[in-house]
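Subject: Structure handover

Hello,

Here is the structure we talked about. Please open it alongside this note; my findings follow below.

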Amino acid sequence: EEFAAQITDIDNDKGFQYKGNTPCIVDFYADWCRPCSAMHPILVELAKEYQGRLIVYKVNTDKCGKTAAAFNIYSIPTLLFFKRNSQPGIVNGTLSKKDLKKLIDKFLDEEDE
């Protein structure tokens with residue numbers, strides 16, 4: 001419900017439409033997932049670094065299975081990139097801070113165009 005209120009309604013007939021104004025990353029993770037745990041501090045750092053330009057949300061796949069299934073999340077960590085008027089982008093697996101920062105910069109540059 002919180003996901004639908006802040007990001008997108010997963011049962012929307014028009015498809016996924018991001019509700020926010022600020023681009024975001026949604027981190028699909030599980031508490032038991034070691035790669036997810038490795039990504040957590042990187043995402044916290046980047047959320048601070050990009051504050052005001054990017055929001056980072058976390059979705060626990062064990063607690064929000066319907067949401068994960070709606071986005072065909074079958075492996076974790078998986079990051080979805082949302083911005084207005086576009087379908088979400090997706091990245092699977094663990095990334096270094098440097099590689100994730102490159103993806104975020106490209107994502108935000110596309111937003112500014």
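Start at the hairpin. Strand 3 and strand 4 form it, with six residues between them. Asn85 sits in the turn and has a positive phi of about 60°. Bear in mind throughout that this is a predicted model.

Now the overall layout. The chain has four helices and four strands. From the N terminus, the order is α-β-α-β-α-β-β-α. There are 113 residues, and 38% of them count as buried. The accessible surface is about 6,700 Å². Carbon and sulfur atoms account for 48% of that surface. Take the contacts between residues at least 6 apart in sequence: 68% of them join residues at least 24 apart.

Next, a pair of charged residues, Asp27 and Lys58.

Asp27 is found in strand 1, residues 24–29. Its relative accessibility is 1%, so Asp27 counts as buried. What does Asp27 touch, beyond residues up to four places away in sequence? The list is Leu43, Tyr57, Lys58, Val59, Pro77, Thr78 and Leu79. Leu43 is one of the buried residues of helix 2.

Lys58 is found in strand 2, residues 55–60. At 35% relative accessibility, Lys58 counts as partly exposed. The reason is that buried means under 20% and exposed means over 50%, with partly exposed in between. Leaving aside neighbours within four places in sequence, Lys58 is in contact with Asp27, Tyr29 and His40. Two of these contacts can be given as polar ones. The side chains of Lys58 and Asp27 are joined by a polar contact of 2.5 Å. The side chains of Lys58 and His40 are joined by a polar contact of 3.5 Å. Lys58 also lies 5.6 Å from Val26, C-alpha to C-alpha, though the two are 32 residues apart in sequence.

His40 leads on to helix 2. Helix 2 bends by about 25° at His40. A proline, Pro41, follows within four residues. Why does the length of helix 2 agree with expectation? At 1.5 Å a residue, its 16 residues (34–49) should span 22 Å, and the end C-alpha atoms are 24 Å apart, which agrees.

The buried residues in helix 2 include Cys36, Met39, Ile42, Leu43 and Leu46. An α-helix has 3.6 residues a turn, so residues three or four places apart point the same way. Please look at Cys36, Met39, Ile42, Leu43 and Leu46 with that in mind.

- The hairpin of strand 3 and strand 4, with Asn85 in the turn.
- The polar contact of 2.5 Å between the side chains of Asp27 and Lys58.
- The bend of about 25° in helix 2 at His40.

Best wishes

Technical notes:
Residues numbered from 1 in each chain as written. Predicted model: local features only at pLDDT ≥ 70, side-chain atom pairs only at ≥ 80, totals over all residues. Heavy atoms only, no water. Helix = DSSP H or I, 4+ residues; strand = E, 2+ residues; numbered from the N terminus. Buried < 20%, exposed > 50% of the residue type's maximum accessible area, 1.4 Å probe, protein only. Contact = heavy atoms within 4.5 Å. Areas by Shrake-Rupley, 256 points an atom, 1.4 Å probe, with all protein chains shown as cover. Pairing = 2+ DSSP bridges. Polar contact = N/O pair within 3.5 Å; in protein donor to acceptor, adjacent residues only side chain to side chain. Expected span 1.5 Å × (residues − 1). Bend = angle between axes of the 7 residues up to and from the residue.
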